[in-house]
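Here's a quick tour of how one protein chain packs. Have the model open and follow along.

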Amino acid sequence: MTIRETFLAEAAQRVLITDGAFGTEIQNWKLSEADYAGDLGLTKDQKGNNDILALTKPEVPETITREYLEAGSDIVSTNTFSANLISQADYAAEHLVRDINVASAQIARRLADEFTAKDAANGIRRPRFVAGAIGPTNKTLSLSPDVNDPGFREIDFDYLKGVYREQIDALLEGGEGVGVDFILIETVFDTLNAKAGIMAALEAAQDLGRDVPIMMSMTLTDLSGRNLSGHTVEAFWHAVRHARPVTIGLNCSFGAEQLRPHVRTLSDIADTLIMVYPNAGLPNELGEYDEMPDTTAGLVLEWAQAGQVNVLGGCCGSTPAHIKAMADAVAGLPARRIARPEVRTKLAGLEPMIMAA
């Protein structure tokens, strides 16, 4: 079976669990600039460059990943949200993009395989999967950063596609079963950025001569259910469905309470798996997340009970305790049934356009 087939088979049996936040977990380590920088001899301050820890303090992402697996994660993501040329330029670490992604993929792969093998030794078949995380960068293709020049763009589509391709190639390096299983294009605030990521992933898969399943996750920037480029949840799905994503969903955004209507909308229209991993509520005035694990678990449980989700996890502020609470809450519940595709012409601007039958 291919990775896609194996994953779909597992998701047909139960609600799967992905992992939680890396950034807020890394903050708990109270690392110094020297911890981040290591002996790489970089010319800029590295504090806050979480991705580079795969090279300078690999025990940090390794420990966090292990804790999520112990908490019940079926999927772990690589700590590579900002491991791309654009984001690493802020730290003068552009030349380390490949090394960061390769190292991060190896950490996640080794631990996922370890937990799979441990279960197998006890007669339990429970594969663990690795998602190569790709963030949106701090650039946008759809919007101008200059209010006085609406047509100005800092980068163009082909450039961003190349940036993503470099990261994707590194995440997949080593071949099937060695690199990551999926490419997770997450926290999509600009749908055109996501399309650049899709094209990069599809081209990488074509060059490798194999299927590389894509996961897509949109982030909402207002309660009406739009991302920063103005697309509704429905329009976003129609804009990316051609990529045959193995999961479509929402992450970050707000807490689970505010995402409820948008999860229902996406579940009703998407003929693929739904993966949702919200923040642990909204941050307080100090930027910290107060929502307790049982609260988050109770909120996402409602989606599972309603048959609206296939994969659950956490984003900002979530911890291994949040993931364990979710895993315990949904244990034994049936999986969401994938909607049958409606044979209609569906187009997307900022709003969906559905042609009459």
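Contact here means heavy atoms within 4.5 Å. Keep in mind that this is a predicted model.

Leaving out neighbours within four places in sequence, Thr6 is in contact with Met1, Arg125, Pro127 and Phe129. Is Thr6 buried or exposed? Thr6 is buried, because its relative accessible area is 13% and buried means under 20%.

Next up is a helix pair. Two packed helices are described by the angle between their axes and the distance between the axes. For helix 5 and helix 13, the angle is about 20° and the axes lie 8 Å apart, so helix 5 is roughly parallel to helix 13. Helix 5 passes helix 13 in a right-handed crossing. Here is who makes the contact:

| Helix | Residues in the contact |
|---|---|
| Helix 5 | Glu67, Tyr68, Ala71 |
| Helix 13 | Pro320, Ile323, Lys324, Ala327 |

Sorted by class, this contact has five nonpolar residues, two charged ones and no polar ones.

Now for the interior. In soluble globular proteins, nonpolar side chains tend to be buried together. The largest nonpolar core has 78 residues, and those touching the most other members are Ile168, Ile183, Met216, Ile248, Leu250 and Trp303. Take Ile168: setting aside residues up to four places away in sequence, Ile168 touches Ile134, Ile183, Gly197, Ala200, Ala201 and Ala204. There is also a second, separate core of 16 residues, with Leu16, Phe182, Met215 and Val311 among them.

Notes:
Residues numbered from 1 in each chain as written. Predicted model: local features only at pLDDT ≥ 70, side-chain atom pairs only at ≥ 80, totals over all residues. Heavy atoms only, no water. Axes fitted to C-alpha atoms, helices over the stretch in contact; angles between N-to-C directions. Helix = DSSP H or I, 4+ residues; strand = E, 2+ residues; numbered from the N terminus. Parallel < 35°, antiparallel > 145°, perpendicular 65-115°, else oblique. Left-handed = near helix turned anticlockwise from the far one by under 90°. Nonpolar A, V, L, I, M, F, W, Y, C, P; charged D, E, K, R; others polar. Core = buried A, V, L, I, M, F, W, Y, C linked by side-chain atoms within 4.5 Å. Buried < 20%, exposed > 50% of the residue type's maximum accessible area, 1.4 Å probe, protein only.
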